[in-house]
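Here is my note on the fold, point by point. Please read it with the model open.

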Amino acid sequence: MKRTWKMHTKILLTFGGIVLFALIMQTVLFWRNSSGIIYQQAEEESMHALENMQDDLYVYIKKIEKGLAGIYNKKDYLNDLKRKKDAGQMRNLYYREAYQLASERFDASDGVAAVYLYNADHKLISSYRRAVTPKYHFPKDIYEDPKTYNTKAVLDYVSSDNAKMLISSYYNPSREKNVIRFALKIYESSNIGKKIGYVVCDVNWRPIQAIMEKYIVNEEAGMWIQPTGDRPAMETGCPGGKDRKDCENLQQEIAAGKRHTGTVVESGDCVFFQVNQSKYNLGAYALMPKSFLKKNQKILARNFVCIAVLMLFLASIVTTALSKSLTSPLERMTLTARKIRDGDTQLRMQGMKDDEIGELARSFNEMLDQIEHLISSEYETKLMLNRAEYNALQAQIHPHFLYNTLDTMGSIAQVQGCPQVSALCQSLSNIFRYSLDFKNPFSSVSKEITHLKNYIYVMDVRMQDHIQYEFEIDENVLKDSMPRLSIQPLVENALNHGLRNVRGEKKVHICVKAQNRILEIIVEDNGSGIPEDKISSLLQDSQEKGAEKRGSIGLNNIHMRMKMLYGEPFGLAIANRPQGGARVTLHLPQTTLEEAEQLWVKDLKY
């Protein structure tokens, strides 16, 4: 015998399996992805520290540049530089100019150690050195020892077209420290682009080192600033062993002008970070061991395993309780459904809670009530349908009796020698057959004209009016389709309203033609016309006119039928003729009978 599992057992096994599978998969994926996530977070932290350091450096450098730009306030000095005055004479005149620039534009916290003023020929005009001692001093002239004081960077900068301030550095043997150097070109104010001199400023390491030490992430990481194509300017941190070698190789590549394309680059057992300034030629770099970036992974992994075990235990308890709360009312519903299936159709669910299962039970009870109601309604509907079919079959007898009676009258009249009565009976029979054919809502233009001529004959016999009918029918449209009883009401309207009170010659002109795939049926009369204030009201959808109740199809009926079948652009247009009388024009799309039948079937579906 096949074993049947209860629903709460299935739910327990399913949920437990899903939770266990999810925990196992998450553990496996953790070992593959968590290291990357933690690693990326550590990278981002290091990168943000480097970016923030660059922001602080930018503020400091901008302050130095603003101070050096104060040289443009020395008008006499600039005029003598512009006139290329002898360097010796300028030294005598402006020997204190560098001191004044340093004392006026900088304070002690800026760390300015020396300021040098040069003309365009690299001749020293004025210099200032702060706190010079025999042991700790700065050069009197940066060109006194070009190799030691790295003056090639300044010469290359002055001879270039670079208008931005230069940032360079050199190693000061007496101080045993790196010194940061700034150089700013002096341009002629009336001729921007023409160099007339430059100013050089050396600063000690303390302000920049203080900025860099604020952003050291780890002591094992190396961090330095270095202009592109120049030697390192300042370094902090002390990577050792192979990491130190990697650091020196990277510094040599930057000094050689080689720049890495990415901001974060893998380099052996280390990760290399770089942030460049957009305005100045100074980059900030860091080299961090991967071991530092991964040190939190083991702790996180251990915690994750503990959490996974706890989640599995809690999930088992919650799943057991939830499965029982879900399956108990469902089992009662199943039992009720079985009893109803066995014939107890009055049975309903009782004692359900006010929750989703309770809502389901109430819907279940409502469904049973509706099923009973539908069964009863279906029985009554079948009775009504049978009656309607009977009445429809019975109704077919009356038109056939009428057709047969008219045909019999026509035959008797012909035998009795009354040809007019015979023709009238035949015309009436044709009119009734055509008008009462409700199965085919569409007809051809040719049949509509034939029906119209039967109607005209009956009206002539009935009214004894001598009305001239003119037909202008395009033979190319005879096979086109149109709704039944669309032309005859237009002629009937002309007879009853346009020509009824007119004496003398009476004419009705019927024209059918096609233009640009639009079928036009025009009915004109030479009657009394239509008052202008009533033309617009004739086509309004008003039930107050009661046209249908009086048995008249009416213009409004035709107009509304055309719009319902073909859309807003089609229907009737009514106007008075200039020579008297009225003109009614019916616009239809030019279609075949097959196309019209498809349109009718489509409308029935909707």
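1. Two strands pair if DSSP finds at least two bridges between them. Helices (H or I, at least four residues) and strands (E, at least two) are DSSP runs, numbered from the N terminus. By that rule β12 and β14 pair in the parallel sense, over seven bridges. Isoleucine 473 faces valine 512 of β14 across the pairing.

2. A word on provenance. This is a predicted model, where local features need pLDDT of at least 70, side-chain atom pairs count only at pLDDT 80 or more, and totals for chains, interfaces and linings use all residues. Residues are numbered from 1 along each chain as its sequence is written, and side-chain values use heavy atoms, with hydrogens and water left out.

3. The sheet around β12 is open and has five strands. Their order is β12-β14-β15-β17-β16, and the pairing is mixed. β12 (467–473) and β16 (571–576) are the edge strands; each has a single partner, so one side of each lacks a neighbour in the sheet. From one strand to the next the twist averages 15 degrees. Axes here are lines fitted to C-alpha atoms, for helices over the stretch in contact, and angles run from 0 to 180 degrees between N-to-C directions.

4. β14 and β15 are antiparallel partners over eight bridges. Alanine 514 is opposite leucine 519 of β15. The two strands form a hairpin with two residues between them. In that turn, asparagine 516 has a positive phi of about 55 degrees.

5. Alanine 575 is placed opposite arginine 583 in β17.

6. Buried or exposed: which is threonine 585? This residue belongs to strand β17. Threonine 585 is buried, because its relative accessible area is 10%; buried means under 20%, exposed over 50%, and partly exposed in between (1.4 Å probe, protein chains only). Leaving aside residues up to four places away in sequence, threonine 585 touches Ile521, Ile522, Gly571, Leu572 and Ala573. Contact means heavy atoms within 4.5 Å.

7. Helix α13 (residues 445–463) covers β12, β14 (506–515) and β15 (518–525), running at about 175 degrees to β12. Helix α16 (residues 554–566) lies across β16 and β17, at about 140 degrees to β16.

8. Helix α13 also packs with helix α14 (residues 488–498), at an angle of about 25 degrees and with the axes 9 Å apart. The pair is therefore roughly parallel (angles under 35 degrees; over 145 is roughly antiparallel, 65 to 115 roughly perpendicular, the rest oblique). The crossing of α13 and α14 is right-handed, meaning that the near helix is turned clockwise from the far one by less than a right angle. α13 contributes His451, Leu452, Tyr455 and Met459 to the contact, and α14 contributes Gln488, Val491, Glu492 and Leu495. These residues divide into five nonpolar, two polar and one charged. Ala, Val, Leu, Ile, Met, Phe, Trp, Tyr, Cys and Pro count as nonpolar, Asp, Glu, Lys and Arg as charged, and the others, Gly among them, as polar.

9. Finally, the pairings of β5 (residues 191–203). β1 (residues 112–119) pairs antiparallel with β5 over seven bridges, and tyrosine 116 has valine 200 as its bridge partner. β4 (residues 177–188) runs antiparallel to β5, joined by nine bridges. Tyrosine 187 is bridged to lysine 195 of β5.
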